[in-house]
Amino acid sequence: MRQNLLSFLGAILLIAGFPVVAEAVNYPVEAQYELRSVRHSLQTKTSKTDVRVEIDLPDGSSLLARTILKDIKDYLAVGQMNGKRQPLAVSDKSNLVAEAVKQHSAYLQKSFDELTQGATTEEAKEMQEYYANVQYVRHIGATKIVDTPQYVTYKYETYMYEGGAHGMTFRSVTTYLKPNGKKLGNIVDKTKLRQLQKLLANGLSRYFKKSGYPDMTPAKVRKELFFTKGIIPLPSGKPYLVKRGVAFVYQQYEIGPYAIGMPTFVIPYKNIYPYLTPEGKKIVKPFLQK
């Protein structure tokens, strides 16, 4: 078994110098391919702030685990008003969540104070009175949603509310190839967008039907959402791998009003395969017969 596994890895490394799954190999999940993770969660509230951080922290020191840990640290970095981000300086990863909650809470409190203090004009005073009853909210998550012998997929999501009619959720999903932690790029061929229209429309229609809108047929999807000349765009975020196929997610307001949520759907591997990049086809090919 071990010899077969080594041969398999050698074949991977030889393909165009890129570490992808080149052959359909059915092997059990062995220790070196498992991405063990531990859920860490912490929430703190004050009268003005509500911060929660929940992550699936990768265990071990493999390249895969280190790559994901770095991405989690980057994702938890505290955003600054001038656009810069303050990285989390944490030597012990077990303290990562506590430090993230601490820094985000301090950042939100400072943002709140800067906005509501020192009002001099009548308009500023009205704004101060409004924000006196607002609680700044930031809920951040990094969740392992798929783990297979070939890859692991993480969802990074943040919910924010700082006043206004409603909060906003931002989501990105990343697939990491095993065993080296290579991050999956955009594997969909953008030049074949027009050929993809039927698959995208069907996927969106399935999403709406599951969300309680059975009358949202593919034709109605094309007509009623925010598309230029009726062409459904690819999501701004990269597609990602799940066990059933390639998944797509649109952000809030990306293709429709806030009320439609974040349209998400999966296109089966056999259906999406013709519309992938050469790299994408190499990665997806082993899953076509499953």
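Tyr176 sits across from Lys183 of strand 8. Strand 7 (residues 168-177) and strand 8 are joined by two bridges and run antiparallel; two strands count as paired if DSSP finds at least two bridges between them. Helices (H or I, at least four residues) and strands (E, at least two) are DSSP runs, numbered from the N terminus.

A word on what you are looking at: this is a predicted model, in which local features need pLDDT of at least 70 and side-chain atom pairs count only at pLDDT 80 or more, while totals for chains, interfaces and linings use all residues. Residues are numbered from 1 along each chain as its sequence is written, and side-chain values use heavy atoms, with hydrogens and water left out.

Contact here means heavy atoms within 4.5 Å.

Most residues other than glycine have a negative phi, and most peptide bonds are trans. In the loop between strand 7 and strand 8 you will find Pro179, which is joined to Lys178 by a cis peptide bond with omega about 0°.

Lys229 has a positive phi of about 55° and belongs to the loop between helix 6 (218-224) and strand 9 (240-242). Lys229 is exposed, at a relative accessible area of 82%. Tyr253, with a positive phi near 70°, lies in the loop between strand 10 (245-249) and strand 11 (264-268). Tyr253 is partly exposed, at 42% relative accessibility. The cut-offs are under 20% relative accessible area for buried, over 50% for exposed, and partly exposed in between (1.4 Å probe, protein chains only).

## Strands 9, 10 and 11

Strand 10 pairs with strand 9 in the antiparallel sense over three bridges, and a hairpin of two residues links strand 9 to strand 10. Strand 10 also pairs with strand 11, again antiparallel, over five bridges. Ala247 takes part on both sides: Ala247 is the bridge partner of Tyr240, and Val266 in strand 11 is the bridge partner of Ala247. Five of the five residues of strand 10 are buried, so strand 10 is largely enclosed by the rest of the structure.

## Helix 5 and the cores

Helix 5 (residues 197-210) has 14 residues, which at 1.5 Å a residue should span 20 Å; its end C-alpha atoms are 20 Å apart, in agreement. The expected span is 1.5 Å times one less than the number of residues. Its buried residues, including Leu199, Leu200, Leu204 and Phe208, pack against helix 6, strand 11 and helix 7 (269-272). After helix 5 comes Gly212, with a positive phi near 100°.

A nonpolar core is a set of buried Ala, Val, Leu, Ile, Met, Phe, Trp, Tyr and Cys residues joined through side-chain atoms within 4.5 Å. The largest has 41 residues, and Leu204 and Leu241 touch the most other members. Helix 5 gives the largest share of this core, six residues. Leaving out residues up to four places away in sequence, Leu204 touches residues including Val221, Leu225, Ile232 and Phe265. Apart from this core lies another of 32 residues, with Ala65, Ile72, Tyr107 and Leu108 among them.

## Aromatic pairs

The whole structure holds 11 aromatic pairs. Rings of Phe, Tyr and Trp (its six-membered ring) pair if their centres lie within 6.5 Å; planes under 30 degrees apart count as stacked, over 60 as edge-to-face and the rest as tilted. Phe112 and Tyr136 have ring centres 5.4 Å apart and planes at 85°, so this pair is edge-to-face. Because Phe112 lies in helix 3 (residues 96-116) and Tyr136 in strand 5, the pair ties together parts 24 residues apart in sequence. Phe112 is buried at 5% relative accessibility, and Tyr136 is buried at 3%.

Tyr176, where we began, forms one aromatic cluster with Tyr75, Tyr154 and Tyr156.
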